[in-house]
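Visitor: Could you take me through this model and say what stands behind each word you use for it?
Guide: Gladly; let us look at it together.

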Amino acid sequence: MNLLRENDLIFGRLLKIEEPHLITRYNKALDAFGVPQTKLASFEIDRTGFSPQIAEELDDAQYLDPNGVNRRFIILTPAQIELPVVHTAFSNTSQLVYEFMMANARAINAITIKDVVYGEIEEQVNQVRDIEDLLSIAQVEFKVISAEDLLGKAAELGRLADRVKHEPDAWRDDALLNRMVAIARETGDIRENSLVPEQVVFRHDAYWTSHFGGIYIFTDPDTTMVIADPATPGFRRSRPWQVSYLSKDDPARIFRFLAETGRIQLPRASWVERSNYLAHRGEMVLLDLIRREEPDTDFARVDPVWLQTWTHRNAKLVAGEGSVPLLNAAVREISQTGTLKIEEIPPRERFLVTRADPEHKDAWLTNRLISDFVPSDFIARYVFNKQGFYRDYESWPGGWREYVVARLKTAYLRDKLALRKRLYGLES
């Protein structure tokens with residue numbers, strides 16, 4: 001993974017922590033979690049406070065996520081809201097932490113001037129043993145603590161202030177007033193700087209989880225859909241009156257579900273021609289075919305002319321694989337009729353020519369699911385399914401790794417927003 005690290009394709013855009021007082025605060029949170037303190041003089045953290053360097057030091061990548069549920073978090077600075085989340089068992093952890101930090105920005109800003117905010121994202125289960133445990137997570141609650149107990153002291157000061165307001169003789173109580181003054185020296189004026197997070201409960205809707213080899217859960221007003229390996233404990237047995245189930249190896253039914261619930265855009269000229277999406281898919285398929293058939297290729301030489309020459313020389317191989325001819329035919333049909341007869345395409349190949357509806361709230365999750373059926377598109381895998389991309393990367397030869405890294409740097413990292421807008425219609 002060193003090549004990925006050097007090029008900011010893994011653990012990139014993290015926040016470096018090297019100030020002694022911040023390291024001391026971080027260690028206080030680790031102490032509270034029962035985790036050994038770090039001895040590092042500097043390390044990097046993501047939005048949740050996870051540090052790949054500390055994980056390596058502890059030889060424990062799960063030190064903030066010991067059971068894959070009730071994720072721990074450590075907030076040293078409000079700036080963490082701008083960071084990615086690089087290690088999690090749930091795809092929506094990043095969004096949940098973002099919503100928590102946005103909803104409680106004033107309190108977090110005030111507390112982190114003097115203290116560290118830490119705690120757990122409580123998910124109502126302590127261990128995931130089957131699908132029922134996942135389905136029981138309807139919402140999460142942020143259990144928030146501060147090392148110096150500023151939260152507790154602010155709450156106490158609020159209660160004492162209420163007594164002064166509502167109890168006629170409370171202002172005569174010198175002990176009460178002295179206690180208020182002592183607390184205020186630490187917390188400041190809580191009327192101006194709230195130290196108590198106001199919103200700590202958030203919905204836990206559609207997501208992917210790494211449990212049981214990977215499970216997708218989509219929620220709609222009338223039903224919930226679970227897409228998983230049929231061997232997963234609880235598959236088709238947990239809440240059958242409320243929950244539907246699909247095997248993750250059933251592309252026909254999965255595609256139908258995504259289409260019927262409005263989560264995907266079927267191929268239409270209105271977006272296909274503007275995005276050049278099918279041409280992009282064709283190039284990805286062709287490159288993957290070369291990687292598999294001729295792994296010793298000098299990929300540094302690959303450019304459009306080289307690709308065209310290789311395609312002509314290997315026309316029989318390309319035709320036998322089938323994806324490139326299918327995509328070329330789709331481009332012709334869309335240019336002539338404005339649409340594509342999707343029912344005439346084999347189920348698994350339908351994912352080649354579709355993308356998530358960018359207006360749907362589950363667009364990122366849907367694109368992640370689509371990428372499972374199109375692993376040849378390493379750009380889509382990296383954008384939407386980094387766990388899958390890193391798993392693929394481990395099996396690739398060195399020359400292909402170098403080409404993919406170089407391509408991602410130029411095609412994606414240079415302008416992420418532009419690529420996501422052009423290929424996937426996403427605004428952010």
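Visitor: How much area do domain 1 and domain 2 bury between them, and what makes that area "buried"?
Guide: In this predicted model, domain 1 and domain 2 bury about 1400 Å² between them, with 59% of it on carbon and sulfur atoms. Buried area is the accessible area, taken with a 1.4 Å probe, that two parts lose on being put together, summed over both. I131, L134 and L135 supply 39% of the area that domain 1 buries against domain 2, more than any other three residues.

Visitor: Where do the domain bounds come from?
Guide: They come from an automatic or database domain assignment. The division gives domain 1 (1–148 + 196–203), domain 2 (205–249) and domain 3 (265–424). The C-alpha centres of domain 1 and domain 2 lie 27 Å apart. Their contact, meaning heavy atoms within 4.5 Å, takes 16 residues from domain 1 and 20 residues from domain 2.

Visitor: Which residues are counted for such values, and how are they numbered?
Guide: Residues are numbered from 1 along each chain as its sequence is written, and side-chain values use heavy atoms, leaving out hydrogens and water. As the model is predicted, local features need pLDDT of at least 70 and side-chain atom pairs count only at pLDDT 80 or more, while totals for chains, interfaces and linings use all residues.

Visitor: What makes strand 9 and strand 10 a pair?
Guide: Two strands pair if DSSP finds at least two bridges between them. Strand 9 (residues 224–228) and strand 10 have five bridges, in the parallel sense, so they meet that definition. One example is M225, whose bridge partner in strand 10 is S244. Strands themselves are DSSP runs of E with at least two residues, and helices are runs of H or I with at least four, numbered from the N terminus.

Visitor: Why are strand 7 and strand 10 called edge strands?
Guide: The open sheet has four strands in the order 7-8-9-10, with mixed pairing. Strand 7 (207–209) and strand 10 (243–247) each pair on one side only. The twist averages 20° from one strand to the next.

Visitor: What lies across this sheet, and how are the angles defined?
Guide: Helix 9 (residues 251–260) lies across strand 8 (215–219), strand 9 and strand 10, and runs at about 135° to strand 10. Helix 15 (residues 363–373) packs on the sheet too, touching strand 7, strand 8 and strand 9, and its direction makes about 140° with that of strand 8. Axes are lines fitted to C-alpha atoms, for helices over the stretch in contact, and angles run from 0 to 180 degrees between N-to-C directions.

Visitor: Why is D288 called buried?
Guide: Buried means under 20% relative accessible area, exposed means over 50%, and partly exposed is in between (1.4 Å probe, protein chains only). D288 has 12% relative accessibility, so it counts as buried. D288 is found in helix 11 (residues 277–293).

Visitor: How do you know that D288 and R291 make a polar contact?
Guide: A polar contact is a pair of N or O atoms within 3.5 Å; within protein, one must be able to donate a hydrogen and the other to accept it, and residues adjacent in sequence count only if both atoms are side-chain atoms. The side chains of D288 and R291 are joined at 2.9 Å, so the distance falls within the cut-off. The side chain of D288 also has a polar contact of 2.9 Å with that of R292.

Visitor: Is F378 buried or exposed?
Guide: F378 has a relative accessible area of 2%, so it is buried. F378 is found in helix 16. Beyond neighbours within four places in sequence, F378 is in contact with residues including M284, F389, W396 and W400.

Visitor: Why is R236 called partly exposed?
Guide: R236 has a relative accessible area of 45%, so it is partly exposed. R236 lies in the loop between strand 9 and strand 10, and its phi is near 65°, a positive value in a residue other than glycine.

Visitor: What share of the protein is buried?
Guide: Buried residues make up 49% of the 428 residues.
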